Amino acid sequence: MLPNQAPPLPQKMHLSGSKMTRDECSTLFIAVGDIDRTIKFYTECLGMKLLRKRDIPEERYTNAFLGYGPEDSHFVIELTYNYGVDKYDIGTAFGHFGIAVEDVAKTVELIKAKGGKVTREPGPVKGGSSVIAFIEDPDGYKFELLERDPTPEPLCQVMLRVGDLDRSIQFYEKAFGMELLRTRDNPEYKYTIAMLGYGPEDKNAVLELTYNYGVTEYDKGNAYAQIAIGTDDVYKTAEAIKLWGGKITREPGPLPGINTKITAVLDPDGWKTVFVDNVDFLKELE
């Protein structure tokens, strides 16, 4: 393999809190203090569907998977409740999740009626015309509501803060095979963002990286766990990530008891991603 070549890479992303999932961003993992309370909030206030729930008493945790469509075709959130742990530290590094809605003001009114916390009322984004609002779930995770036309992927963004934006862009392009969709510098508010993903923002979940001028380190807390990304070959994906300077925290191979092949990696800022074999994941859903 030549120094500037990498093996084929994935193209689908998941959101989840401590376990995992296809060929794009597919699952986001987060830890919560009361799983039933969070399920109620996500279904009643955010309009998500509870896709499945599983309890693993021997490991002392419960998972719930929620989203706007089936796991094999949508970006979903995996909630993890660890027995006896009712509070987590979100830290300062994690930003928010993004949800596309047709009418931000109406959505905010519904969330208020259900007792949800609104931290930023509906209105144009600073320096632009897009209508947004911010809300907070019962565990303190922030959600940005973005007013958009109907989309096949309403759960559309994950925002993470990084200490060197150019370094992060290069890593996600080269090691993860993502495409840089756009960047925007906001000197008035002293931050720059970059949107990366495996397809257009209006049809796919994307990663929003934020660099705040002069800030190179953040506290990650212990609540947000990782994103899962599907891949056709976890072994070749691990090779590519090593080639571009990523740190492998779990060598590629099958999970005990499940036999789903995964590999786990850290980006230059220490953000964790799990790559999951596509075929194995679909078998897991059967």
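Student: Which residues does Glu144 touch, not counting residues up to four places away in sequence?
Tutor: In this predicted model, Glu144 is found in strand 9, which covers residues 142–147, and an unreviewed UniProt entry places the feature "active site" at this residue. Leaving out residues up to four places away in sequence, the residues that Glu144 touches are His96, Phe97, Gly98, Ile99, Ile132, Ala133, Phe134, Gln157 and Glu208.

Student: Is Glu144 buried or exposed?
Tutor: A residue counts as buried when its relative accessible area is under 20%. Glu144 has a relative accessible area of 8%, and it is therefore classed as buried.

Student: Which residue of strand 9 stands opposite Gly98?
Tutor: Strand 6 and strand 9 pair in the parallel sense, over five bridges. Within this pairing, the residue of strand 9 that stands opposite Gly98 is Glu144.

Student: How many residues of strand 6 are buried?
Tutor: Strand 6 spans residues 94–101 and is largely enclosed by the rest of the structure. Besides its pairing with strand 9, strand 6 pairs in the antiparallel sense with strand 10, residues 155–161, over five bridges, and in that pairing Phe94 stands opposite Leu160. The number of buried residues in strand 6 is eight of eight.

Student: In the hairpin of strand 16 and strand 17, which residue takes a positive phi?
Tutor: Strand 16 and strand 17, the latter covering residues 272–277, run antiparallel and are joined by five bridges, with Val276 of strand 17 as the bridge partner of Ile262. The hairpin has five residues between the strands, and the residue with a positive phi, near 90°, is Gly270.

Student: What is the bridge partner of Gly253 in strand 16?
Tutor: Strand 15, residues 247–254, and strand 16, residues 261–266, run antiparallel and are joined by five bridges. They form a hairpin with six residues between them, where Gly257 in the turn has a positive phi of about 85°. The bridge partner of Gly253 in strand 16 is Ile262.

Student: Which ring does the charged end of Lys220 sit over?
Tutor: The structure holds 14 aromatic pairs, and ring pairs link Phe41, Tyr42, Phe94, Phe97, Tyr141, Phe143, Tyr224 and Trp271 into a cluster. Elsewhere in the model, Arg52 lies over the face of Phe65, at 3.8 Å from the ring centre. The charged end of Lys220 lies 4.8 Å from the centre of the ring it sits over, which is that of Trp271.

Student: Where is the pLDDT below 50?
Tutor: The protein averages a pLDDT of 88, and 91% of the residues score at least 70. The stretch with pLDDT below 50 has 146 contacts in the model beyond near neighbours in sequence, and it covers residues 1–23.

Methods
Residues are numbered from 1 along each chain as its sequence is written. This is a predicted model: local features need pLDDT of at least 70, side-chain atom pairs count only at pLDDT 80 or more; totals for chains, interfaces and linings use all residues. Side-chain values use heavy atoms; hydrogens and water are left out. UniProt positions are given in the numbering used here, feature names are shortened, and annotations may be inferred rather than shown by experiment. Helices (H or I, at least four residues) and strands (E, at least two) are DSSP runs, numbered from the N terminus. Buried means under 20% relative accessible area, exposed over 50%, partly exposed in between (1.4 Å probe, protein chains only). Contact means heavy atoms within 4.5 Å. Two strands pair if DSSP finds at least two bridges between them. pLDDT is the predictor's confidence in each residue, from 0 to 100. Rings of Phe, Tyr and Trp (its six-membered ring) pair if their centres lie within 6.5 Å; planes under 30 degrees apart count as stacked, over 60 as edge-to-face and the rest as tilted. A charge sits over a ring if NZ of Lys or CZ of Arg is within 6 Å of the ring centre and within 35 degrees of the ring normal.
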